[in-house]
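Me: I want to know what stands behind the labels used for this model. Please set each value against its definition.

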Amino acid sequence: TLEGVNNKDLPSTFGKKILLFGDSITQSINTFASSTESWTTFTDEYLKAQIFNYAKDGAAYKDKVATSTDWQRISYQLSQSETDGVSADVVFFACGTNDGLNGITNFADAMAVANIGDLDREDLYEAIRYAFWKARLLHPNAIFFVANILQRTANSPTYYAPVNLAIKQMAEYYNMIYIDSSAESGIVREFEVDGSSGLFLSDGLHPNTTGRKKLAAFFSTKILQNFIK
């Protein structure tokens, strides 16, 4: 317990270890030596947890050939967490906007692959399956959350439907709690400005401070609703 604080007043996530994997929406100063903030910056008042943030801007589920750093592969973020040996209570994925619409087969073909090492991580379905399969192996007792793509000004939500479907199908198969950020976060592209500051986004894509606080409350609520002491 905290000194002077009744244990009953503490959230169920108090002191728990939360691993985060994702892209620029989630990357924060916790990950790299920069001034970058994200929604994770504002979660302490809700969760009071130990945050281990492996997210990196530009990251994708797919192992893209052209990347500026290995951190832009979710598979690499997972391998780094394995190297660190963190035993997670919660694992949270928030990725997909950088995966694009190429290299997307289907759920059935991805599920037909018998061994994790044989998955083609340049295909979206198989890359997502690799990530979720690997995470389950590393953290068998954790509670898992998977967020889909936020709305942005450049494209309508339906544009990303193939990516969100792949994320949803794999999340459901691996018994991970699917968070529909596109439909439930409160961020609506109609109220944002492409390349400039809007209501919750700083440039039509990345959340501004108000948007980060909004996402912190949104994601924290989802975690707390599904985490029992």
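This is a predicted model: local features need pLDDT of at least 70, side-chain atom pairs count only at pLDDT 80 or more; totals for chains, interfaces and linings use all residues.

Me: How many helices and strands does the protein chain have, and what counts as one?
Reply: The protein chain has 7 helices and 5 strands. Along the sequence the pattern reads β-α-β-α-β-α-α-β-α-β-α-α.

Me: Why is the protein chain called as compact as a globular protein of its length?
Reply: The globule rule is 2.2 Å times the number of residues to the power 0.38, and the radius of gyration is taken over C-alpha atoms. For 229 residues the rule gives 17 Å, and the radius of gyration of the protein chain is 17 Å, close to that value, so the chain is as compact as a globular protein of that length. Along its principal axes the C-alpha trace spans about 55 × 40 × 30 Å.

Me: What share of the protein chain counts as buried, and what makes a residue buried?
Reply: Buried means under 20% relative accessible area, exposed means over 50%, and partly exposed lies in between (1.4 Å probe, protein chains only). Of the 229 residues, 48% count as buried.

Me: Which share of the contacts joins residues at least 24 apart?
Reply: Contact means heavy atoms within 4.5 Å. Among contacts between residues at least 6 apart in sequence, 69% join residues at least 24 apart.

Me: Why is the pair of tyrosine 61 and phenylalanine 93 called tilted?
Reply: First, the count: a search of the whole structure finds 15 aromatic pairs. Rings of Phe, Tyr and Trp (its six-membered ring) pair if their centres lie within 6.5 Å; planes under 30 degrees apart are stacked, over 60 edge-to-face, the rest tilted. The centres of tyrosine 61 and phenylalanine 93 are 6.4 Å apart and their planes stand at 35°, so the pair is tilted. The pair links distant parts of the chain, 32 residues apart: tyrosine 61 is in the loop between β2 (50-53) and α2 (74-84), phenylalanine 93 in strand β3 (residues 90-94). Both residues are buried.

Me: What makes phenylalanine 107 and tyrosine 173 an edge-to-face pair?
Reply: Their planes are 65° apart, with 6.1 Å centre to centre, and that makes the pair edge-to-face. Phenylalanine 107 lies in helix α3 (residues 107-111) and tyrosine 173 in helix α5 (residues 161-173), so the pair ties together parts that are 66 residues apart in sequence. Phenylalanine 107 has a relative accessible area of 25% and is therefore partly exposed. Tyrosine 173, at 45%, also counts as partly exposed.

Me: Which residues do ring pairs link into a cluster?
Reply: The cluster holds Phe21, Tyr54, Tyr61, Trp71, Tyr76, Phe93 and Phe132.

Me: What sets the phi of lysine 48 and asparagine 175 apart?
Reply: Most residues other than glycine have a negative phi. Lysine 48 has a positive phi of about 50° although it is not a glycine. Asparagine 175, not a glycine either, has a positive phi of about 55°.

Me: Is asparagine 175 buried or exposed, and where does it lie?
Reply: Its relative accessible area is 63%, so asparagine 175 is exposed. Asparagine 175 lies in the loop between α5 and β5 (177-179). Lysine 48, in the loop between α1 (44-47) and β2, has 29% and is therefore partly exposed.

Me: How do you know whether isoleucine 179 is buried or exposed?
Reply: Its relative accessible area is 0%, so isoleucine 179 is buried. Isoleucine 179 is found in strand β5. Leaving aside neighbours within four places in sequence, its contacts include Phe92, Phe145, Phe218 and Lys222.

Me: Why does glutamine 27 count as buried?
Reply: Glutamine 27 has 6% relative accessibility, so it counts as buried. Its place is in the loop between β1 (17-22) and α1.

Technical notes. Residues are numbered from 1 along each chain as its sequence is written. Side-chain values use heavy atoms; hydrogens and water are left out. Helices (H or I, at least four residues) and strands (E, at least two) are DSSP runs, numbered from the N terminus.
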